[in-house]
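Dear colleague,

Please find below the structure that I am handing over to you. My notes on it follow directly after.

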Amino acid sequence: MSKTPVPGGPMLRMESVRKTFGDSVVLRDVDLEVAPHTVTALIGASGSGKSTLLRCANLLEEIDDGAIWLDGEEITDPRADQDAVRRRIGVVFQAYNLFPHMTVLENITLAPRRVHGVSRAEAEEHARELLERLGLGAKADEYPDRLSGGQQQRAAIVRALAVRPKLLLLDEITAALDPELVGEVLNVVRDVKEDGMTMVLATHEMGFAREVADQVCFLDGGVILERGTAEQVFGDPQQERTRRFLKRIVAAGRL
Amino acid sequence: MKEESGEDTAEGDMPGEGGAYVPSLRRIERERHRRARARRSAAVAALSTLVTAVVLYLVVVDAPGWPRTKETFFDASFAREAFPKVLEGLWLNLRLFVVCGVVVLVLGTLIAVARTLRGPMYWPVRALATAYTDFFRGLPLIICLSIVVFGVPALQLQGVTNDPVLLGGTGLVLTYSAYVAEVVRAGIESVHPSQRAAARSLGLTTRQTLRHVVLPQAVRRQVPPLLNDMVSLQKDTSLVSIGGAVEAMRSADIIVGRSLNYTAYIVAALLFVALTIPMTRFTDWVTARTDRRRSQGGTA
């Protein structure tokens, strides 16, 4: 197992990944490559396997078969150090999952200080800098329950970024937000993309996926049924089911 | 995980694997490695258990006073003699525990609820409940029992019992209700305010909110600390012996006094421990079952 990243290789690679829960097969034979500094959007109906795919990439779920590589290193090897893998992957959840007993600043500095051994002063400086950039400078010392949903989600993004991850996974991060708050969170994601972060995001925001994604994957029944650039998948879908899915999205006024 | 639209779930034109799933060599290798690792951990656990047991055995048996201790605390013939008598006494402990436990849980909950009542009208109720818990939590149980068991008969009130078991039980209830009230109150206050808001928004009254939304959630979190108090109560039923009630501890005492051999205490100790273990396991089982029903899978 080599730790040296392959130059020019993908940041995240999945090969024949299979995941079952009891009798139901949630992911079957999933292959995926995510190049460094690119954004991959996973689209598809609820239950198509988007979230499970992200949870597998972060080792929150143990896959049944196949393999996953992060930066050239196989992370699904049973000998791999799971904590070391997770240290390099940032995750933002649909329900924010901020720790309610800590201030925003404490939420953000927890992992840099406890896991990465950064000094308190340095961690706080970096956190405040990020908060400032995402327009949350004034909220550093507030507790999460006193923030709006959009602010909480932005704080959660800062928390994920504070450890300088190689890869950021975003799991339907706007699904719990009011429409007028969705924009502020998506703006943040645009900024993060500008900085060159590699991201995989599961989303129902088709307009956003179309705009920001370098690669779009349409999942259906646990299979990546169609993939390509945003233009290909949204503009000229090849599969009948992709067309049907997009038609429903358009009918719902989401594209 | 269910597909949203039924029409889309046909398997026919699925790319990738069309037929039955065959595990890859990679998976087989991985599982072999996991099994090997599990075997290794089991071997390590067995070895460390054995070493610990041997060390403990040697430390005890090598102690200079061991032969004498063995004679005065672990004598099989005295154990056989003490067992039926202590067991008979334990039956009283058990009955006392069940009755006191039920009364304590009810009374404790009522006091806790009284302390959480809002509004100026309830001020005296709140104040009384607070004073009660402050007083009886601070009062050492042995003093409380002495006062009740010896003090009440001394008053020579008409129609009030002098039975040391009833009086001792009353003393236990007074103290333990205060403990339990605090556990229940902490549980009630740990339920997130948004739950109250949701219930009140549905039109439930304060009382209905407490009964149907707050208490059920609070009780679940209270189970471990409440069990702790119940186990403690079970043991403290032995303190009722100060008034002369012949329960397990007193039975053992009588035998020890007569024979000058302490084995009866060990018998009583083991019986008390044996009594609490099933209760602990039962509570663990109930908690685990509820957890399973609430959450589906997910590791880490």
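Which domains does the domain assignment of chain A give? The assignment, which is automatic or taken from a database, gives domain 1 (1-88 + 173-255) and domain 2 (98-164).

Two remarks on conventions come first. Residues are numbered from 1 along each chain as its sequence is written, while chains are lettered from A and ligands numbered from 1 in the order in which they are written. The model is predicted: local features need pLDDT of at least 70 and side-chain atom pairs count only at pLDDT 80 or more, whereas totals for chains, interfaces and linings use all residues.

**Domains of chain A**

The C-alpha centres of domain 1 and domain 2 of chain A are 25 Å apart. Each domain of chain A gives 10 residues to the contact between them, two residues being in contact if their C-beta atoms, placed from the backbone, lie within 7 Å. On the side of domain 1 of chain A that touches domain 2, helix H6 (residues 179-194) gives the most, with 5 residues. Helices are DSSP runs of H or I with at least four residues, and strands are runs of E with at least two, numbered from the N terminus. That side of domain 1 of chain A has 7 nonpolar, 3 charged and no polar residues (nonpolar: Ala, Val, Leu, Ile, Met, Phe, Trp, Tyr, Cys and Pro; charged: Asp, Glu, Lys and Arg; polar: the others, Gly among them).

**Nonpolar cores**

A nonpolar core is a set of buried Ala, Val, Leu, Ile, Met, Phe, Trp, Tyr and Cys residues joined through C-beta atoms within 7 Å; buried means that 20 or more other C-beta atoms, placed from the backbone, lie within 10 Å of the residue's own. The largest such core has 73 residues, and Leu42(A), Val158(A), Leu169(A) and Val200(A) have the most contacts inside it. Helix H5 (residues 149-161) of chain A provides the largest share of this core, 6 residues. Both domain 1 and domain 2 of chain A contribute at least three residues each to this core. Leaving aside residues up to four places away in sequence, Val158(A) touches Ile108(A), Ala127(A), Leu130(A), Leu131(A), Leu134(A) and Leu136(A). A second, separate core has 35 residues, including Val113(B) and Met230(B).

**Chain B**

Chain B has 10 helices and 0 strands. Its radius of gyration, taken over C-alpha atoms, is 28 Å, whereas a compact globule of 300 residues would be near 19 Å (by the rule of 2.2 Å times the number of residues to the power 0.38). Of the 300 residues of chain B, 24% count as buried.

Yours sincerely

Notes: A residue is buried if 20 or more other C-beta atoms lie within 10 Å of its own, exposed if 12 or fewer, and partly exposed in between; C-beta atoms are placed from the backbone.
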